[in-house]
Every structure is written in C-alpha cells, then in structure tokens.
Amino acid sequence: MTIASINPATNEQIKMYPPLTKDEVSAAIEKSDDAYQTWKTTSFVERKTILLKLAETLRANVDKFAHLITLEMGKRISESRYEINYCANIAEFYANGAETFLADQPMDVDDVDAYIRHEPLGVIMGVMPWNFPFYQVIRFAAPNVMAGNTVMVKHASNVPQCAEAIADLFRESGLPDGVYTNLFIPTEFVELIVSDKRVQGVSLTGSEVAGAAVASLAGKNLKRSVLELGGNDPFIVLDDADVEKAVTLAVKGRTVNAGQSCVAAKRFIVVDEVADRFLSGFKQQMSQLEMGDPADEQTTLAPLSSEDAAVKLQKQVQATIDAGATVVLGGDRPDRLGAYFNPTILTDITPEMPTFDQELFGPVASVYRVKDEAAAIELANRSSYGLGGSVYTQDAERGRRVAEQVQTGMMFINQPTRSQAELPFGGIKNSGYGRELSHLGILEFINRKLIHTGPKKS
C-alpha cells in the first residue's frame, strides 16, 4: 500500500512514508494499552491542561496547518483555516466540559441508593478519512482522550503529512507517549488491530463499504463501534421559500470542500411552483465558480482530493447521462492539470439510474422537481442514506413539521447541514450509527457502570 502525499492541484508526488510491519503494530498496541493503565487514573484537570494547550497551538499556527491541508488534499485555503479553528473549538469544548459530561449520575429510585459511574474502556481504534484531515481526527480523539481512553489512528493514506502533524501536535501539547498513536498501515492491518483483545472499540468515518467491513469486524470480536458513513442529503425547497436565498445556500451547500463532504447538499428537491426560478439561479451561480490553485484566496472551486476521485466521479456522472439524465451544466472535467471537475447540474434523474441512490463526492448537483410538500418528503426519504438534510420555507412551523418527517440523523431549517462542537453529529440507515460531538460524543466509548450502594436509609 502506498502512503504518499500527492498535490491534487498538480498531481505532483511530494513525500512518501513506509508502512509499519505487523510486529511494529503489535508493539504499538502494547504501548497504547500500557499508557491506558496510567492515563485512566489522571485527573480531568491534567487532561484539560493538555487539550487546552493543543487548542492554543492550533490557533497560534492556523496558517501552518491550513497550508498543509491545502497542499495535501486540495481544500481551499479559507476552508482549511476554518477547519483548524474549528478543531480548536472542539478541543476546548471537551476540555472544559468533560468533567461535567462524565460526572456520576444519581439514580432516582425509591428504595435504593445507586448511581451511574462513567469509566473509560481502554484502547480505541480510529479509522479516519481524508476530506477533513484535521477535524475528523480531533473530533474522534479529543473526547476519548478527555474520557481517559487511549487512541490509535489509521488516517487516510493520501494525507500522511497531516497525520504526522496531528501526532506531533498531541505530543508537543504534553500528552504522554502511547495515549495518541498515529499508524501508517495498510487497510488490511485494521482487522489485526480490531481483533486484538487489548483494543476495546473502533470508530470509522468513511464509505459504506468500509463501514460494513469494520462493523462486521467489531461485531465478530464483540467490540463497540461508531460509524459515520456516506450521505445523500436532501435540500428541500418549498413553494414559500425565499428562492434567491435558497439558491445561494444551495451553491454553498453543494460546493463546500469541492463537494467532498458527507453532509454536503446533494439532492435538490424543489416544488414545481418555484423550480424554474431555482434552477435558473442555481445554474447561474454554479457557472460563476472559479477553478484555480486552492492556495489562492480568489479560487472558489478547488480540485478533488486525487486523480482517482475525479476519475470515479466522471464515471458516475457519465453513467447517469448515458441512462437519460439531462445535463443543465458541466458534466465533465476541464482540460487542465490536476484533479478538477466542472461544476455540474443534472436533472430528469429517475430511480432506475445508477446515481439515484449513490453519493456523488464532488461539485455535482442532482435537481428534482416535485408536485408538493408531501412529494418532497417522500422523495427525500427514498434513499438508503440518512445522514443530514435541510428544508427551506418562510414558515418556521412548516419547516419543523417537514424536518420531523425526513428520515435522517440531522435536519436543518433554512441552512445547509453543518456541524458544531455543541451539537450531536451522526446518521441512520446506511449512513451509520452512533453520535459524535456534543455531550453524546464522549459517551460512545464509556462504561456506564451501575454502583448499587444498598437500601436507602430512612
């Protein structure tokens, strides 16, 4: 397996890393488990000090880390800076909140004294993706480290410099050796790690196929797992929506991270009454996106993460066009160096077409016209995915009513799906299970132990 940095804006290979051997992986597990025996006994104050130092370092070096993200996976530099600052927010949120989130919980039972004690489990494995190379790791590691677990991270093979920088960041913030471990390993070594008795759980953010494989491994070995997988988020525009605002948010929601986000808006479901206005404005704004060097502040559309990603997206789009979809805009790749893809809008997509229920990772929008609100909800739910979604209406109560009927883990009214440290993040159906962020995120790999102290004293 090749572990290499390749600049997607130029397809130039920058740096390669040798993968670990099985013996080295086994030694890393041993070190992580040994570190857990001490780390679990440290105070919240000690853990908090380290995580706040990490947040401080992130904020003091925003440009350094942001340029690394942009170089390695092609994110626009402004989005990379946002990602680094957001990581600092997450670290601060768990540093300041963990002791409260994990406080003993008294049980309200008439005849007995009892409480729930929140205890760490041990070594937790994380399998992380490339599309948000700092955020995804911090989102996983920060709550687990604050809970007293130790973590081992297999990052995506195309962002090894980011992986190395994150490990250095934790170490330089004062985290003891073995509490956070970066693993340069081939995918097949994940089974070796998850199967090890010293490893107590696994969290994966990635594809549906990868999630199914890891869930099977976790189940076979009786390990806890959290999966955040793909999405095909509906963006529902009702007849009373502010169409101009909806168009602007549609472009933002579809092209964030060049469209490479699990919660990017992907299916634009628009009621007939406003469909022509929406589609006209959407086409106009999408066509105005400027491709270019992601490190250039003026660029509004970055490349995809790799040449392989661009080739895959082209195959998906072409298969849909060949099946009868209408190309309103784009539909192909530009004639330029790098993993770029033209802004694309497809319509007249039917359930028989290959991409009707596939996740398209790139600046490709599928627009559907529907008769009314009921039809919009029905189409939104006609998906094997259930991660996020949004609805656009000037009637707040109507927005809540629609949001409650759409089968997803998250719904937003008059704004695209987004994440925030204080709010739970996760999906249902083939989008996975479990929650990250908020107080719920720190409870996934925790033993909620009942302590029964005896009958209540009169």
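Visitor: Which element gives the largest share of the lining of the largest cavity?
Guide: This is a predicted model, in which local features need pLDDT of at least 70 and side-chain atom pairs count only at pLDDT 80 or more, while totals for chains, interfaces and linings use all residues. Residues are numbered from 1 along each chain as its sequence is written, and side-chain values use heavy atoms, without hydrogens and water. The lining (residues with an atom within 4 Å of a point) of this cavity (a set of points on a 1 Å grid over the protein atoms alone where a 1.4 Å probe fits but cannot get out) includes R139, F140, P143 and N144. Among helices (DSSP runs of H or I, at least four residues) and strands (E, at least two), numbered from the N terminus, the element giving the largest share, 4 residues, is α5.

Visitor: How much space lies in the largest cavity?
Guide: The structure holds 5 cavities of 30 Å³ or more. A volume is the space filled by probe spheres set on the points, with grid points joined across faces, edges and corners. For the largest cavity, this comes to about 70 Å³.

Visitor: How many charged residues line the largest cavity?
Guide: R435, E436 and E444 are among the residues of the lining, as is R139. By class (Ala, Val, Leu, Ile, Met, Phe, Trp, Tyr, Cys and Pro nonpolar; Asp, Glu, Lys and Arg charged; the others, Gly among them, polar), the lining has 5 nonpolar and 3 polar residues, and its charged residues number 4.

Visitor: Is α4 roughly parallel or roughly antiparallel to α5?
Guide: The axes (lines fitted to C-alpha atoms over the stretch in contact, with angles from 0 to 180 degrees between N-to-C directions) of α4 (residues 77–101) and α5 (residues 135–147) come within 9 Å and cross at roughly 15°. Angles under 35 degrees count as roughly parallel, over 145 as roughly antiparallel, 65 to 115 as roughly perpendicular and the rest as oblique. Therefore α4 and α5 are roughly parallel.

Visitor: How many charged residues are in the contact of α4 with α5?
Guide: Contact (heavy atoms within 4.5 Å) joins E83, Y86, C87, I90, A91, Y94, A95 and A98 in α4 to Y135, I138, R139, A142, P143 and M146 in α5. These residues divide into 12 nonpolar and no polar, and the charged ones number 2.

Visitor: How does α2 run relative to α5, and what is the term for it?
Guide: Helix α2 (residues 44–60) has its axis 9 Å from that of α5, at an angle of about 155°. The α2 side of the contact is F44, R47, K48, L51 and L54, which meet I138, A142, V145, M146 and A147 in α5. Because of the angle, the term is roughly antiparallel.

Visitor: Which helices give two or more residues to the lining of the second largest pocket?
Guide: This pocket (an open set with protein on both sides within 12 Å along at least five of seven lines) has a volume of about 770 Å³. Of its 33 lining residues, Y82, F132, V256, T417 and R418 lie nearest its centre. The elements asked for are α4, α5 and α9 (243–255).
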